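User: Can you walk me through this fold and its main pocket?
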Amino acid sequence: MTAALFAIHADLPREGPGDGESLAWAFAVAGAGPAARILDAGAGPGADIAGLRALAPSGSVHAVDLHPPFAAAAAARHAADPGVRAEVLDMAKAPGPYDFVWCAGAAYFMGIGAALGAFGRALAPGGRVAFSELAWRRRRRPAAARAFLAAEYPGMTDAAGVAAQVAAAGWRTLGRRWLGPAAWAAYYDPLAARLDALAPAAEGDLAAEIAAHRREIEVWRTSGGSFGYLLSVVAPGPAA
């Protein structure tokens, strides 16, 4: 992460859309229990750790991220909880065994098939994976959204495409849903406030990053109905 990006993202509560309601839904669909051993893959600063611990109070959360300041922030926030371990680690190398893998928006960096392959090797018998992926919701796609997302997410597909990638990896989908407006607000509202605070003194790379982030938020505000994060709960093995 560049200095300009970190100036924007340091201390934000989340690094992508999400909320406790969608997390609880995924946990329930997965059939995970209060003693679940959980991997929070690509955890960022640990926005979902508290929610995961509430769902698995007698279990554990292993939160991993490749960006050291994020892993350090997650570790500091949960230093008093012996059931949480946060560290700098490639999510593809997390050892397991895990009963539930939670991957909020981070499977994109590996690709769905590669991510499921890695998570599958770390799953305990009967374990499940929940991941969210940016995808098109409608056939009619506004020009501004198409242009922005073609540059940022060139391989972006739709819900059927996500399901096809899951099936091609040898997995089955147990349930899926779109993240709602509250999940997006939980990310974009604090981000917008940070941009406003930094903008008056910004120049150079920081000014450029602020402008890019504002374009992203504007695309969501004007065209967000055409795309969204699809949250899928999946299990190893083909559909019956």
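This is a predicted model: local features need pLDDT of at least 70, side-chain atom pairs count only at pLDDT 80 or more; totals for chains, interfaces and linings use all residues.

User: What is the strand order of the open sheet?
Analyst: Strands are DSSP runs (E, at least two residues), numbered from the N terminus, and two of them pair if DSSP finds at least two bridges between them. Strand 3 (84–88) and strand 6 (171–178) are the edges, each pairing on one side only. With seven strands and mixed pairing, the order is 3-2-1-4-5-7-6.

User: Which residue stands opposite aspartate 40?
Analyst: Strand 1 (residues 37–41) runs parallel to strand 4 (residues 98–104), joined by three bridges. In strand 4, the residue opposite aspartate 40 is tryptophan 102.

User: Which element gives the largest share of the lining of the largest pocket?
Analyst: A pocket is an open set of points on a 1 Å grid over the protein atoms alone, where a 1.4 Å probe fits, with protein on both sides within 12 Å along at least five of seven lines; lining residues have an atom within 4 Å of a point. Among the 47 lining residues, Glu15, Gly105, Phe109, Tyr153 and Tyr187 are closest to the centre. Helices are DSSP runs too (H or I, at least four residues), and the largest share, seven residues, comes from helix 9.

Key. Residues are numbered from 1 along each chain as its sequence is written. Side-chain values use heavy atoms; hydrogens and water are left out.
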